[in-house]
Each structure stands twice: as C-alpha cells, then as structure tokens.
There are 2 protein chains.
Amino acid sequence: MIKIQNTGKRRLSTKAMNKTKRLYAAIIAGGSGTRFWPLSREDMPKQLLSIGEKNTLIQGTVSRVSHVIPLRQVYVVTNKKQVESINFQLSESTGILWDKNFVVEPMARNTAPAIGLAAVHLNRLDPEAIMVVLPSDHIIKDTDKFHKTLLVGADMAMEDYLVTIGIKPNSPETGYGYVKRGKEIKKGVYSVDRFKEKPDRETAAKYLKDGSYYWNSGMFIWKAKAILAAIKKHMPDLYKGLMAIEKAIGSKKEAETAKAVFSKLPSESIDYGVIEKAGNIAIVPTDIGWSDVGSWHALEYILPLDSDNNVKHGNVISIESKNSIFYCGKRVVAAIGLDDMIVVDTADATLICPKGRAQDVRKIVDVLKERGSEEYITHKTVYRPWGSYTVLESGNRFKIKRIAVKPGAKLSHQMHHHRSEHWIVVAGTARVSNGDKVYDVHPNESTYIPMSTGHRLENPGKVALEIIEVQNGEYLEEDDIVRFEDMYNRKTES
Amino acid sequence: MIKIQNTGKRRLSTKAMNKTKRLYAAIIAGGSGTRFWPLSREDMPKQLLSIGEKNTLIQGTVSRVSHVIPLRQVYVVTNKKQVESINFQLSESTGILWDKNFVVEPMARNTAPAIGLAAVHLNRLDPEAIMVVLPSDHIIKDTDKFHKTLLVGADMAMEDYLVTIGIKPNSPETGYGYVKRGKEIKKGVYSVDRFKEKPDRETAAKYLKDGSYYWNSGMFIWKAKAILAAIKKHMPDLYKGLMAIEKAIGSKKEAETAKAVFSKLPSESIDYGVIEKAGNIAIVPTDIGWSDVGSWHALEYILPLDSDNNVKHGNVISIESKNSIFYCGKRVVAAIGLDDMIVVDTADATLICPKGRAQDVRKIVDVLKERGSEEYITHKTVYRPWGSYTVLESGNRFKIKRIAVKPGAKLSHQMHHHRSEHWIVVAGTARVSNGDKVYDVHPNESTYIPMSTGHRLENPGKVALEIIEVQNGEYLEEDDIVRFEDMYNRKTES
C-alpha cells in the first residue's frame with residue numbers, strides 16, 4: 001500500500017539503491033511559525049502551510065526525500081500537539097498511514113535533544129543507520145541536485161564524518177549562520193574551517209565575495225551512532241538522559257521517563273551544542289534553490305514576480321504598486337501606490353507592514369496571544385482526517401459551520417451535552433446515525449440532532465458531502481464532545 | 001407623530017420661529033460616493049454611510065436642519081434608485097414616513113437641474129418659500145453656529161439675495177473652490193468679489209493668508225422664485241425645461257415630461273451655470289467645523305487622533321504606526337510601522353493606500369465595475385425596511401444568509417421559482433406563513449419552504465428575530481421573487 005508521490009523522473013542506479021537501504025530521514029517539525037501569521041496559527045504552524053504550492057512544506061519535504069529514502073524509513077520528530085495534523089497531511093500525500101513514523105518529543109527543547117532522541121530510536125532499529133536530518137519547513141527548488149547532494153553526504157557519513165550541507169550564497173543574507181570551508185577532502189567535500197554566527201550586512205557581503213562561506217542550512221547527514229558519540233563527548237548530560245530514555249523504550253515508563261528527562265534539559269541547538277565543537281565535520285557545498293522561508297519577505301525568492309517586482313497571490317487589485325508582496329485569498333485586497341510592502345490577507349485577519357519589518361510579526365502574535373484571540377489559535381477553516389469545517393458565523397447561543405466530508409469518511413460517534421444541531425445537506429449524501437436510528441439525508445433535506453443524543457455523520461457516497469450545521473445551545477466550544485468511537489483513534493475534538 | 005431627533009439644546013426665539021415658517025430645505029443626495037469604497041458601494045453611496053457616528057451622513061444632515069426647519073418642509077432631491085434606502089434611513093431616524101418628502105430626478109444632471117427642479121416644486125407649495133440648499137453628505141460639527149448662519153442667510157434671502165455660505169479656511173486646501181468676499185453689506189454678510197476654481201498649493205496658501213477667501217461649501221439660501229429668476233436669465237434652456245415640467249405636475253405625463261426634459265439637459269453645476277454669473281450674490285462667512293468628507297483622507301479631521309496621529313476605528317492592532325488612518329470593522333487588521341497610510345477594511349474587501357493617493361480609490365472602483373464584482377455593487381450585509389440580511393456564504397446551488405427582522409416587522413408575502421429555503425430560528429419568534437398554513441417557529445426549531453410556495457416571514461414579538469436561511473436551488477439571485485403583498489410597497493427585491 002506504499003504509494004510514493006512526486007518521485008521525480010530520475011531513477012537511482014543499483015549501487016545507489018543499495019546504499020540507500022541504510023538511509024533514514026529525521027524530519028524536524030517543532031516550529032510554531034509565528035512569523036507567518038496570519039497564515040500560520042497555533043494549530044497551523046508553518047510546516048503545515050502550503051505557500052504558493054499544492055503541497056504543504058512538510059509534505060514537500062517528505063516527497064523530496066522519498067525518492068532516495070524509502071517512506072518506511074522516514075521519521076518525523078515533533079511534539080504531541082502536532083502529531084494529529086502531520087499524520088493527516090502525510091497520510092494524505094503519501095497514501096500510507098503515518099502514525100508509526102513519529103518520534104515524539106515530550107516538550108520542545110531545540111534541535112540537540114530532538115535529534116538525540118531520533119538518533120536513539122534509529123540506532124535501535126539499525127546500528128549502522130545513516131541519519132539524514134532535515135528541517136520540515138524549508139523549500140528546495142532543485143530536487144535532483146538535492147538527491148545527489150544527499151548521496152555524496154551519505155558516502156562521507158559512512159566514513160564516520162558528521163556532514164553538514166552548506167548552501168552557496170547568492171546574496172549577502174544577514175539572517176543565516178555561515179560555515180567557512182577548509183581544505184578539500186574529496187571532490188565536492190571539504191573540511192570545516194569554522195562556523196560563523198549571523199553576520200552584519202558588511203560582513204555578509206565579504207563572505208559572499210570570498211566564495212568559501214556557505215549558509216548553514218540545518219541539514220545534516222551522519223550515522224546515528226556517530227552523532228550519539230559526539231553528544232556523549234560534547235553534551236554529556238543530554239547523553240545520560242538519552243540513555244535513560246533508551247532503557248525505558250517499550251516499557252510502561254517510556255513516556256514518563258522521556259518527560260522527566262526532557263523537563264530537566266536546557267534548550268540547545270545541535271549546531272552550538274555539538275557540531276561546532278566536533279572534529280570529524282565535513283561540509284558538502286551545494287546550490288539547490290534552497291530557502292528557509294524565514295519570514296514573509298522570503299516569498300519574493302519563492303514565487304514569481306510581476307513586471308513591477310510584485311508577488312501577487314489571490315484576489316489582489318494593485319494600481320501602481322511595486323516591490324511588494326501580496327499574499328491573499330478570496331477577499332478583495334485593493335492597493336494603490338504601495339512600495340516595498342507586505343500585505344497578507346486571510347478570512348479573518350489582514351497583515352500590513354513594510355518588508356523591513358517582517359520579523360516583527362511575532363509582536364502582533366504576542367498581542368493576540370495576550371488577548372486570547374481566536375485569530376492567534378486557529379483559522380476559520382479547520383482540517384480534520386475526515387475533511388474540514390469552516391465557522392461561518394458565531395453569535396449568542398448559535399454557531400454556523402459548513403462541514404465537508406470526504407467520500408467514505410465518517411466523523412466520530414459522538415454526543416454533546418450543551419448543544420443541539422440542525423444539519424442541512426447542500427451536496428452529496430449524508431448517512432446519519434441519530435440515537436438508535438440510521439437514515440440517509442439528501443441535498444435540500446435536513447435533520448435535527450437533539451442535545452445529549454449519540455450521533456454520527458458519514459459520507460457513504462462517491463462525491464464530497466457538504467452540510468450546513470446550525471448549532472444551538474449555551475456552550476458551543478469544540479470540547480463539548482463525548483466520543484464513543486472514532487475511525488481515526490482520536491480522543492478529543494470533533 | 002413627528003419626532004425630531006438631535007435638535008440640540010438651544011431654543012429659537014418667537015421672532016426666529018416666525019421667520020422659519022417660510023424656510024424649506026432641499027437636501028441634494030445624488031452622489032455615488034466611489035471615493036469611499038470599500039465602505040461605499042453602488043447600493044450604499046456615501047450619504048447613506050455613518051462615518052464614526054451613529055447617524056448616517058444624510059440622517060445627520062436632516063437632524064441638523066430640523067431644529068430650524070420643520071421636518072415636513074425638508075425635501076430630499078435624489079434619483080429613483082436611492083429613494084428606498086433614503087426613505088428607510090430617514091423614516092427610522094425621524095420617526096415619520098419620508099416617502100412624501102422627495103423630489104425625484106429622472107436622471108443625474110449635476111446640481112443646476114436638481115436645484116431647479118426642487119425650486120419649481122417648492123415655489124408651487126409656497127410662492128414666498130425660502131430654500132436652503134444643503135449637500136446630504138457633509139459633516140458640520142458646530143450645529144449651533146450652523147443654525148445662526150442659516151438664519152442670517154435667510155434674512156438676506158428675504159431681501160432677494162442669492163446667498164452662499166462660505167467656510168473660513170483653516171488650511172491651504174486644494175480640493176475646494178474658493179469665494180473672495182467683497183464689501184460688507186451688513187454685519188457678517190458681504191458681497192461677492194469673485195469665485196475661484198480649485199487652486200494649486202501655493203495659491204491656496206496665499207488665499208489662506210489673505211483672509212478674505214472662503215471655501216465654497218455648496219450650501220445656499222434663496223427664495224425659490226429668486227433662483228428660478230436667475231436660472232431664467234443665465235440658463236434659459238434649463239428654465240424652459242423646468243416650466244414644461246411644472247406644467248405637467250399632477251398630470252399623467254409628469255414622469256414622462258421630466259424624463260424627456262432631463263435627458264436633453266447638459267450636466268451643469270449651479271455654481272458655474274448661475275451663481276457665478278448672477279449679480280445679487282451675498283456671502284455669509286462662517287466657521288462651523290465643516291468638512292465635505294471628500295475622501296478617506298478627511299477622516300483625520302473628523303475622528304479623534306491617538307498620540308501617534310493615527311485614526312483607529314475597529315479591530316486594529318498597530319505597532320509603531322503613525323499619521324495613518326485605520327477604518328476597520330470586526331476582522332483583525334494588524335499594521336506594523338505604517339506612516340501616512342490609509343487602511344479601510346470591510347467584511348469582503350480591504351483598501352490600502354498612502355494618504356496622497358486617496359483620490360485614486362475610484363480607479364479601484366473602475367476595475368471592480370469592469371469585472372462586474374459584487375464588491376462594487378453591494379455589501380455582505382444589506383439593510384431593508386424590515387431589518388437586514390447578511391450573506392454568510394454562497395456555493396454551488398446553495399446560499400446561506402443570516403436574517404434579522406425587527407419586532408413587528410414583516411417581509412413581503414412572496415414566492416421563488418428556483419429555490420427552496422430552510423429556516424432555523426436562533427433568536428426571537430418567527431411567524432411563518434407557508435402555503436395556506438400559519439405557525440410560529442421558536443429558537444432551535446426549523447421549518448422548510450418548498451419551491452414555488454407562497455410564504456411570509458414576520459416577527460410578532462418584542463425582541464429581534466434572527467434566523468439562518470439555507471437556500472437550495474439552481475438560481476439563487478435576489479430577483480427570483482414574486483411579491484404578492486408588501487407592507488413597504490416595494491415591487492422588487494426581498
């Protein structure tokens with residue numbers, strides 16, 4: 001049942017195929033992505049967004065790596081909160097149920113503990129495992145060259161090097177760390193002379209001109225056991241903790257132990273905690289059309305520009321605007337004479353700022369968080385394994401949703417204590433369990449689910465089911481739900 | 001049953017009261033107000049908007065003048081299209097049915113024909129009528145001083161002067177015409193030396209410094225017969241047309257004659273066509289906190305400013321913005337570091353432009369018009385005499401509306417050929433006529449109106465009725481309606 005999408009046209013040689021048997025991916029998906037508000041939300045971090053493409057960033061990352069690494073050897077390292085959404089997205093894009101392919105961090109502690117935890121798990125699976133560490137929320141345009149780079153790095157990793165992938169800079173970026181290469185080890189591979197923090201503009205320009213500096217991409221290749229050895233040497237406390245977790249794996253105490261260990265760890269990046277201190281480092285410089293999509297500003301490198309240097313996405317009417325980024329949806333956004341601005345529009349929120357202030361979006365998010373605003377937490381449309389729902393309006397004692405259910409999908413068998421629901425079918429056929437009755441509801445027909453009555457909504461048909469739900473009651477939040485049975489094994493939320 | 005709102009605290013003396021018996025107002029409401037998009041729409045021109053106040057501009061204009069002129073002598077000069085909305089707004093704010101107080105232009109031909117037509121009607125009512133001409137979409141902050149100015153002007157009008165009200169300038173505005181005063185006729189009243197077109201910045205600054213120039217406000221006071229005499233002299237073709245219309249008033253041919261006359265008239269302003277050529281002109285200079293609200297830019301003169309010189313209305317989060325105007329609603333608008341910008345946000349459209357480009361909003365409207373966009377024509381929420389409806393979503397073969405019905409109000413008895421309707425009551429009580437049945441529907445209850453079935457919705461209660469309507473069908477526009485009976489005497493639309 002493994003279906004690999006977007007594998008590209010190139011086929012690997014038999015030799016390369018043999019090498020890839022050892023390869024495992026650890027995709028790091030921990031970010032909250034506040035810099036992409038209003039498109040990102042607490043329950044929709046950056047890796048779950050599609051930015052100008054059909055695939056979301058994490059779907060793209062998995063798709064890209066799946067040509068070189070079999071999907072069953074691709075793991076996502078993330079926290080509990082994101083498991084359901086990522087599982088849903090990756091199950092959809094790969095066609096396999098993803099729930100066995102997670103390494104779940106008990107809490108966020110930056111990349112060193114996350115990568116260490118993944119290394120422990122992979123090392124148990126295969127003591128010779130070669131681990132490809134990839135951020136989940138970056139963009140790479142040249143997939144072919146990316147694959148070649150991985151294979152070059154894997155060769156070095158087999159010789160026990162800790163390999164970092166360095167990106168050939170094409171502009172004096174101040175937002176990235178840099179790596180200066182040392183002497184050539186073999187064709188296309190260098191030792192590392194030194195790591196450099198994010199530079200100022202002038203220094204970045206020097207690096208660019210020098211030609212021996214590369215952007216630190218956060219992509220690494222190494223044997224699981226090699227990174228564990230390096231952690232043992234440079235971060236002994238983390239190593240001790242990881243060993244305690246390893247001992248508990250499979251026991252009743254696994255979750256408890258991991259939580260206890262992580263809660264005591266300081267947040268630390270793998271770069272600063274290990275790589276910059278290790279001796280056996282190699283860099284594979286490459287030029288693969290990479291972007292870390294670090295802020296809205298990055299869109300002008302990713303999306304096409306019009307003749308006035310604008311990015312225009314969605315329903316934008318622009319008169320004499322230039323050098324600006326418009327990332328909009330269905331609503332009309334009309335701009336006159338803007339220059340060097342960013343405008344992002346979603347159903348419930350709009351962001352407007354000069355390009356130079358794109359990093360300050362997190363200040364807006366802080367204000368929304370403080371206010372407890374919905375616009376910080378969630379979108380009007382929420383995606384679920386069975387489909388999606390859109391809140392059309394909330395009022396006093398009522399809430400209206402449009403619910404879309406995929407063919408063959410069903411919501412959990414559930415009950416609400418505080419609300420009754422009117423359902424009107426506008427497309428497709430609904431199979432409704434209502435108390436002890438089961439019946440079908442067709443377009444232009446309606447049904448009523450009384451309070452405290454067990455019910456279930458299912459799409460038995462071949463086309464999408466769309467219903468309008470009008471909820472009535474004194475409490476209309478998502479957590480008023482009692483689940484009896486769920487085909488997606490969820491315990492909370494609808 | 002005449003209820004006068006916002007009459008202010010000052011009471012008129014008996015002498016002044018006697019004088020006001022002769023006073024009639026002609027409020028000119030013809031503008032399309034494209035400069036206030038996205039708040040103004042084709043079916044919601046500027047005079048129907050409330051800008052930072054509870055009253056709409058036309059309600060404010062009527063309220064202001066009603067202290068000096070009895071409401072039964074206040075007439076609105078407008079076109080057919082706007083009669084229903086204005087009637088609804090003024091009936092609501094004044095408490096009297098307004099439908100007898102219109103002078104309806106057959107088509108827009110600028111102010112000379114509009115004022116001429118009003119003069120013909122007022123002259124028939126009262127050969128000594130003094131006519132106060134007021135634009136419907138301006139703002140005046142000092143109502144008391146405005147009243148005093150009107151009475152001074154009325155005194156001059158009784159002596160057969162054509163009186164123009166001049167506004168003392170407080171900035172070198174280039175968007176207004178100017179009037180230079182001549183010698184003093186009596187205290188506070190001057191002859192007119194000359195009229196000046198909109199000046200450039202430098203000239204405007206000279207006018208401001210000179211002290212004898214005033215803004216041309218578009219407010220005039222004269223006897224109806226005096227302006228007709230002036231029209232006869234300076235615009236003889238218009239006069240002939242007006243006399244033809246007068247002859248037809250009350251006959252079957254009234255509408256036909258007016259249409260025939262107007263269709264042949266050129267568009268002409270009363271200033272250029274008559275006033276600037278007439279001899280018996282007087283100016284009453286005054287300082288009444290006047291603004292013509294000519295563009296979004298004007299809001300900074302009307303609404304309060306924060307400590308960074310921003311106007312902030314609605315759900316705005318601004319970080320380090322200054323000198324900017326934010327006119328928003330419920331949606332979150334987040335702005336970082338804006339300077340000298342205008343941002344206007346409505347449910348379905350957002351406008352962003354530098355203050356200096358506010359006049360170019362009409363270019364956006366042109367684009368929308370060309371596209372036939374809904375966002376040019378109407379708002380998501382549409383006001384009707386019985387209440388309002390909001391389109392929550394339109395999809396393939398369905399449309400969802402929230403409908404609010406005022407206590408005691410009822411929609412027309414109607415029928416649709418192409419759609420059926422599900423109604424779910426979320427607040428209040430609905431009395432539903434459905435075919436030959438009449439029944440009440442309460443919160444959390446629903447009912448179904450089949451296609452081609454006569455039906456009526458009524459709020460028999462004391463609190464607002466709110467229902468959610470889900471329409472199903474192949475054609476869901478407002479014009480699929482057959483009206484059997486309507487308490488508001490409407491022939492089209494719901």
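Analyst: In this predicted model, helix α3 of chain A covers residues 80–94, which makes 15 residues, and from its first C-alpha to its last it reaches 21 Å, close to the 21 Å expected at 1.5 Å a residue. Even so, α3(A) has a bend of about 25°, located at I86(A). I86(A) is also one of the buried residues of the helix, a group in which we find Q82(A), S85(A), N87(A), Q89(A) and L90(A) as well, together with S93(A) and T94(A). If you look for what covers these buried residues, you will find that the cover includes three elements of chain A, namely β1 (23–29), α2 (57–65) and β2 (74–79). After the helix comes G95(A), and the phi of this residue is positive, near 80°.

The strand β2(A) deserves a look of its own, since five of its six residues are buried, and the strand is thus mostly covered. With β1(A) it pairs in the parallel sense over five bridges, and within this part of the model V77(A) of β2(A) is the bridge partner of I28(A). β2(A) is also joined by four bridges to strand β3 of chain A, residues 102–105, and these two strands run parallel; here N79(A) stands opposite E105(A) of β3(A).

Note on methods
Residues numbered from 1 in each chain as written. Chains lettered and ligands numbered in written order. Predicted model: local features only at pLDDT ≥ 70, side-chain atom pairs only at ≥ 80, totals over all residues. Expected span 1.5 Å × (residues − 1). Bend = angle between axes of the 7 residues up to and from the residue. Buried ≥ 20, exposed ≤ 12 C-beta atoms within 10 Å, placed from the backbone. Contact = placed C-beta atoms within 7 Å. Pairing = 2+ DSSP bridges.
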